[in-house]
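Reader: I am new to this structure and would like to learn how to read it. Please take me through it one feature at a time.

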Amino acid sequence: MKTVVALPGEGIGLEVVDATCELLMGTGLPLKILTPPQGAPLPDETKRAAREADGVLFGAAGPKTSPVVSWLRWEMAAWAGVRPIRFFPGMRSPLAEPNGIDYVILRENSEGLYPGREGQLADLVRLMPDIADRTGRTVKEFGTEGRFAVKVVTPRGAERIGRFACDLARKRQARGKPGKVTLVTKSNVLPKTDGLYDEIVGRIVSEAGLAFEHFHVDDAARRLVRFPRAMDVVLCMNLYGDILSDLGAETAGGLGLAPSGNFGDGWAYFESVHGSAPDIAGRGIANPTATILSAALMLEHMGLLAEAQRLEAAVGRVYRDGKVLTPDQGGTAKTRDVAQAVLAAYR
Ligand code: ATP
């Protein structure tokens, strides 16, 4: 028996996690699903249950449940965000030719501008008055009215995510993918911080004998729309990954379809890429696909690879049939109907 801790978060998180847990229980897999209390701060008993569980499934964060995701991601140091972007025929992509979109955005989750570290410009000017941009303009020339944010990158952070990208690319290569890492930074503007990633990740990927390419984030945004089939593992610094994963999700058909797995040292949790979507919460129309696919990633992580693949195939069948779809995909079905249709296809 494997134990799963399900934390719904809020808004549509409640609906999609409920529907997904019902589906998981319906599969007959040897799973025990626990739903410990959330609360702010997150209760110790919940943290303990999540640490001890074989799998942790999170729904969606909103303003009230930010301590949950704060703990899952930042405090537990889940530094690698794996966000597969995959089009299943029948999904409502805005692209003319979405067939074959199948890549992963790997978001560095622990460095860069997240979680925000901000302060008063006056303090920065006092401490480092002469820090200057490439034109020679110093920070003190901005005056003292204003604020600043700190972007931190470390060689350790770049190395571990670079290695993670290589492992992921090799795993995918074994399944017939090209074995390529695309790095996304903005090192033309930030040669010291983003440039460190260029240098370290480029070296690690070429030492691993994998194909490597690099694009600045603006160019990468364009390429994910124009050439999505050319992508394999797209390694993005934190902020770029946050933005590009929404863009990528939309090319495949929408935010309701995009799953993720977040990995740290001896720690992992799984969640949809989308947030709590207050605009549609409570109406039972949220698409549970992102959470179901996150649960498939979780099953794989728990060692249930065949079952994970079977669940993904069941999602594929539901979209191919096109009969039971939520409104975001052009249907009229409810959240639970879609999850139950996936369960029927799984069986
Ligand atoms: P966050 O800042 O946490 O990302 P957000 O409100 O900016 O939250 P989301 O909550 O992810 O963004 O939702 C953006 C929009 O996408 C929602 O308004 C909703 O219309 C749509 N959406 C998101 N998730 C789903 C879903 N599972 N099913 C259907 N529509 C969704």
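Author: This is a predicted model.

Reader: Which residue forms a salt bridge with R222?

Author: The general idea comes before the case. Side chains of opposite charge can pair when their charged atoms come close. Here the partner of R222 is D219, and their closest N and O atoms are 2.9 Å apart. D219 is partly exposed as well, with a relative accessible area of 23%.

Reader: Where do R222 and D219 sit, and how many residues apart are they?

Author: Both belong to helix α7, which covers residues 217-226. They are 3 residues apart, so about one helical turn separates them. D219 also meets the side chain of R223 in a salt bridge, at 3.1 Å from N to O. R223 and D219 are 4 residues apart in α7, again about one helical turn. R223 is partly exposed, with a relative accessible area of 21%.

Reader: Which helix holds both R203 and E207?

Author: That is helix α6, residues 193-207, where the two lie 4 residues apart, about one turn of the helix. R203 forms a salt bridge with E207, the closest N and O atoms being 3.8 Å apart. The cut-off for a salt bridge is 4 Å, so this pair is counted.

Reader: Is E207 buried or exposed?

Author: E207 is exposed, at a relative accessible area of 58%. R203 is partly exposed, at 37%.

Reader: How many salt bridges are there by this rule?

Author: The count comes to 17. Salt bridges can also link into a network, as they do for D102, R172, K177 and D232.

Reader: Which strand pairs with β8, and in what sense?

Author: The partner is strand β9, residues 211-216, and the two pair in the parallel sense over 6 bridges. To place them against each other in the view, find L183, which stands opposite H214 in β9.

Reader: Which atom of the ligand lies 2.5 Å from a backbone N or O atom of G275?

Author: An oxygen atom of the ligand lies at that distance from G275. A polar side-chain atom of H274 lies 3.3 Å from a nitrogen atom of the ligand. From N287, a backbone N or O atom lies 2.9 Å from a nitrogen atom of the ligand. On its own the ligand has 610 Å² of accessible area, and the protein covers 60% of that.

Key:
Residues numbered from 1 in each chain as written. Predicted model: local features only at pLDDT ≥ 70, side-chain atom pairs only at ≥ 80, totals over all residues. Heavy atoms only, no water. Polar contact = N/O pair within 3.5 Å; in protein donor to acceptor, adjacent residues only side chain to side chain. Areas by Shrake-Rupley, 256 points an atom, 1.4 Å probe, with all protein chains shown as cover. Buried < 20%, exposed > 50% of the residue type's maximum accessible area, 1.4 Å probe, protein only. Pairing = 2+ DSSP bridges.
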